[in-house]
Amino acid sequence: MKILIIGLGYAGTRFHKAFSLTGIPVEFAYTGRSKKDVDLPYFPTVAEGLDAFGPDVVVATVPDRAHAQTLTELAGFKGFVVAEKPLVTPEDDLGPVESGLADLSGFCMDLVERYSESTVFLRDFVRDNGLRPVRAHFTWGKDRINDHRPTSGVASEVVHPLDLVQWITGQVGGLTLDSVLGTRSDFSVSGADVLDSVAVSGRLGEGVVTGYSSFVNITRKREVDFVLRDRQGELLYAQAVYDTPTWDADRLRLWRRTSRGDEVLHELDTTLRPAPEGSETVVKLGRMARDVARFVTQAAEPAVPFPGLADALVLQRQLNTMEARARTTGPVAYFPDGRTVLQEADWERLG
């Protein structure tokens, strides 16, 4: 299997590691603005990479604002594409992107939290027991203050919980946003007025969704809470916690309340199991990579259905609505006298 990575930076390096651990033989090459000090074939443009290398899989990990151009350059490619989230930015035209990817054999957006054991169990439990959402709430943030990577803002972070509340309840595309409050700042090298945080509310079927997401959360915090109603009208409660205290350390608790106290229906805690040697920080990403590799080389159905192009388009339209409706304050000036950009080496902080 041949994999062409477009943009061998932070995210591209993680994908290189994840695909290398699948157990399926892989040849890698990459494109980018400049050649890096790595022992991989390099092509200066996407067109040259596609033509000369002939990849089966293209992994697009360029900065957010280059997503639309990069994906459009893949028009006519008939292989499999893995794309970083968000699909594009609110300023981009979705039409050329959607039409340009029409000939693909498969597509997967990097919604990596779908591959958490917590997510898989809870989604299956909701489906198998006919549960309906009454209320969902998320808190989802991390610290990217003075991160050297360019970004379109908090859309790249909030996309995860927006996806999870819909995916887990089996209602992808069902979320309607009612209100959005935001804050803008110069946290990013991308500008002085970038949307860094949002508080949202909306409806999901008969239920209500609220949440807060931020790129200036001083510590990483990723939690999604659910109140669910079963077929008999009784309430069940669930809390999923992701990447705490370390990457891929996830927890799930599912329970109902009774006169005798909480009746725990399921508990899961992957912090009790260290990551396999060599897989640190890419356990969930490795599951995604393995699904893609097996699909491409063996025509095997993925263990977790791919977050496909239809899902990516739904989420992008919701992100566009969020950006358009946001009532914002700021901008906050973290660096009024200019900044010295730090080259962050701690992958745990960046993730």
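This is a predicted model: local features need pLDDT of at least 70, side-chain atom pairs count only at pLDDT 80 or more; totals for chains, interfaces and linings use all residues.
**Entry 1: the sheet**

Two strands pair if DSSP finds at least two bridges between them.

Nine strands make it up, in the order β14-β13-β12-β11-β7-β10-β9-β8-β15. The sheet is open and its pairing is mixed. Which strands lie at the edges? They are β14 (261–269) and β15 (327–332), and each of them pairs on one side only. From one strand to the next, the twist averages 15 degrees.

Then I checked which helices pack on the sheet. Helix α5 (residues 117–128) touches β11 (216–229), β12 (235–241), β13 and β14. The direction of α5 makes about 35 degrees with that of β13. Helix α8 (residues 309–325) packs on the sheet as well, touching β8 (175–185), β9 (194–204) and β15. For α8 I noted an angle of about 55 degrees with the direction of β8.

**Entry 2: around β9**

I stayed with β9. How many of its eleven residues are buried? Nine are, and I wrote the strand down as mostly covered.

I then went through its partners. β9 pairs with β8 in the antiparallel sense, over ten bridges. Here Ser-185 stands opposite Val-194 in β9. Strand β10 (residues 207–214) also runs antiparallel to β9, and eight bridges join the two. On this side, Arg-203 stands opposite Val-208 in β10.

Two residues lie between β9 and β10, and Gly-205 takes a positive phi near 60 degrees in the hairpin.

**Entry 3: aromatic rings**

I turned to the rings. A pair of aromatic rings is described by the distance of the centres and the angle of the planes. The count of aromatic pairs comes to eleven.

I opened Tyr-237 and Trp-255. Their ring centres are 5.8 Å apart and their planes are at 20 degrees, so I logged the pair as stacked. This pair links distant parts of the chain. Tyr-237 sits in strand β12 and Trp-255 in strand β13, 18 residues apart. Are these two buried or exposed? Tyr-237 has 15% relative accessibility and counts as buried. Trp-255 has 12% and counts as buried too.

Tyr-334 and Phe-335 make another pair. Their centres lie 6.4 Å apart with planes at 45 degrees, so this pair is tilted. Tyr-334 is partly exposed, with a relative accessible area of 33%. Phe-335 counts as partly exposed at 21%. The cut-off for buried is under 20%.

I also noted one aromatic cluster, formed by Phe-80, Phe-295 and Phe-306.

Two arginines lie over ring faces. Arg-253 is over the face of Trp-255, at 4.5 Å from the ring centre. Arg-123 is over the face of Trp-167, at 3.6 Å from the ring centre.

**Entry 4: the cores**

In soluble globular proteins, nonpolar side chains tend to be buried together. I looked for that here. The largest nonpolar core has 64 residues. Which of them touch the most other members? Leu-87, Phe-107 and Met-322 do. Helix α6 (residues 155–168) gives the most to this core, with seven residues.

I listed contacts of Leu-87, not counting residues up to four places away in sequence. Among them are His-67, Leu-71, Val-97, Phe-107, Met-109, Leu-309 and Gln-316.

Another core lies apart from the largest one. It has 27 residues, including Ile-5, Phe-28, Tyr-115 and Trp-167.

**Entry 5: two single residues**

I looked up Thr-70 in helix α3 (residues 67–72). Thr-70 is buried, with a relative accessible area of 8%. Leaving aside neighbours within four places in sequence, Thr-70 is in contact with Ile-6, Ala-60 and Val-62.

At 37% relative accessibility, Arg-290 counts as partly exposed. I also checked Arg-290 against Gly-12, which is 278 residues apart from it along the chain. Their C-alpha atoms are separated by 16 Å.

Technical notes
Residues are numbered from 1 along each chain as its sequence is written. Side-chain values use heavy atoms; hydrogens and water are left out. Buried means under 20% relative accessible area, exposed over 50%, partly exposed in between (1.4 Å probe, protein chains only). Helices (H or I, at least four residues) and strands (E, at least two) are DSSP runs, numbered from the N terminus. Contact means heavy atoms within 4.5 Å. Axes are lines fitted to C-alpha atoms, for helices over the stretch in contact, and angles run from 0 to 180 degrees between N-to-C directions. Rings of Phe, Tyr and Trp (its six-membered ring) pair if their centres lie within 6.5 Å; planes under 30 degrees apart count as stacked, over 60 as edge-to-face and the rest as tilted. A charge sits over a ring if NZ of Lys or CZ of Arg is within 6 Å of the ring centre and within 35 degrees of the ring normal. A nonpolar core is a set of buried Ala, Val, Leu, Ile, Met, Phe, Trp, Tyr and Cys residues joined through side-chain atoms within 4.5 Å.
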